[in-house]
Amino acid sequence: MILILFIFGLAFGSFSNVIIYRVPRNISIIKPNSFCTKCNREIKWIHKIPIISWIVLKGKCSYCQSKISYLYPLNEFLVSLIFIINGLSLGLNENINIGNNLISLSIFSLLIYIIAIIDIQNLIIPNRVIVLGICFAFLNSISISILNNDYYYLLNRLFSGIVGFLSLEIIIFIIFLITSKYAFGSGDSKFYGLVGFWLGFNNLFAVFVLSIYLGGIFSLVGILLNKLNRKDKIPFAPFISLSAYFVALFGSENIWNLFSRLYISS
Ligand SMILES: [Zn+2]
């Protein structure tokens, strides 16, 4: 089971490399075939085996010998790791339907991983990835609704998608009125919308609180250690992704329990 998840993870990790590199640069995902970003020559299929090819080629292009970033095999490895964690955590969280379904959980975790990495590298969340994510969320919610004969599920997802988007837009607007600055990018509100579509209302609320909490701690520590300037732009998607992943694995109730243990009992 773990080996199968590892191999699937490598394949999808390799595919995520294509999306992470091409989408922010507006290159089609399907055409052309993988090419070296320095000499533009097409990469042979034998040199496209995840992780192994990079090690065999010692991280260099087989034509022009220019360096190939270690981030490619690292991505492949991390996606494999996420897929294995998904498999091991299956059924851990019975309150959330995608936590019981390996395919849904894998698609969702891959999506939020890709969005986080693109935001770290480019400080944007591309609309193309959001739209793709919403299509998958729709398919997922519709199939769960039909299988369980529970159309409230679909309605809840649609509603929380809209709430997720609008809540941050309203917060951005209020902060703008006070400081005349944009505190978040518009991609962040779309991302909350996407998370709402996938996880539903209760979980969305937990993701919202947890991500602002994590982002706040990160910024505070960064400023205290003089690594960050108050005016620095930091990508916020990684905090949304991390929180959404925790909530998808453990459920919103466990997140609230953790908060109350941290602050109320002490
Ligand atoms: Zn090359």
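This is a short chat about how to read a predicted protein model.

Colleague: Before we start, what kind of model is this, and how are residues numbered?

Modeller: It's a predicted model, where local features need pLDDT of at least 70, side-chain atom pairs count only at pLDDT 80 or more, and totals for chains, interfaces and linings use all residues. Residues are numbered from 1 along each chain as its sequence is written, and side-chain values use heavy atoms, leaving out hydrogens and water.

Colleague: Let's begin with the metal. Which residues are the protein donors of the zinc ion?

Modeller: Donors are N, O and S atoms within 2.8 Å of the metal (3.2 Å for Na, K and Ca); water is not among the atoms, so sites may look incomplete. Here the SG atoms of Cys-36, Cys-39, Cys-61 and Cys-64 lie 2.3 Å from the zinc ion. Along the sequence, these donor residues follow the spacing C-x2-C-x21-C-x2-C.

Colleague: Is Cys-61 buried or exposed, and what about Cys-64?

Modeller: Buried means under 20% relative accessible area, exposed over 50%, and partly exposed in between (1.4 Å probe, protein chains only). Cys-61 has 6% relative accessibility, so it counts as buried. Cys-64 has 31%, so that one is partly exposed.

Colleague: Now helices. Why does the span of helix 5 agree with its number of residues?

Modeller: Helices are DSSP runs (H or I, at least four residues), numbered from the N terminus. The expected span is 1.5 Å times one less than the number of residues. Helix 5 (residues 127-148) has 22 residues and should span 32 Å; its end C-alpha atoms are 31 Å apart, which agrees.

Colleague: Which residues of helix 5 are buried?

Modeller: An α-helix has 3.6 residues a turn, so residues three or four places apart point the same way. In helix 5, the buried ones are Val-129, Ile-130, Gly-133, Ala-137, Asn-140, Ser-141, Ile-144 and Ser-145. Down the axis of helix 5, they fall within an arc of 130 degrees, so they line one face of the helix; the arc is taken from the directions from the helix axis to the C-beta atoms. Exposed Leu-139 and Ile-146 sit on the face turned away from the buried side of helix 5. Among the elements covering the buried residues are helix 1 (2-22) and helix 4 (102-122).

Colleague: What does Asn-75 touch?

Modeller: Contact means heavy atoms within 4.5 Å. Asn-75 is in helix 3 and is buried, at 7% relative accessibility. Not counting residues up to four places away in sequence, Asn-75 touches Gly-13, Asn-17, Ile-20, Tyr-113 and Ile-117.

Colleague: And where is Ser-211 found?

Modeller: Ser-211 belongs to helix 8 (residues 201-224) and counts as buried, at 0% relative accessibility. Leaving aside neighbours within four places in sequence, Ser-211 contacts Tyr-192, Phe-236, Phe-239, Ile-240 and Ser-243.

Colleague: Which residues does the UniProt annotation "transmembrane region" cover?

Modeller: UniProt positions use the numbering here, feature names are shortened, and annotations may be inferred rather than shown by experiment. The unreviewed UniProt entry gives several ranges, including 102-124 and 204-224. In the model, residues 204-224 are 100% helix and 0% strand, with end C-alpha atoms 30 Å apart.

Note on methods. Helices (H or I, at least four residues) and strands (E, at least two) are DSSP runs, numbered from the N terminus.
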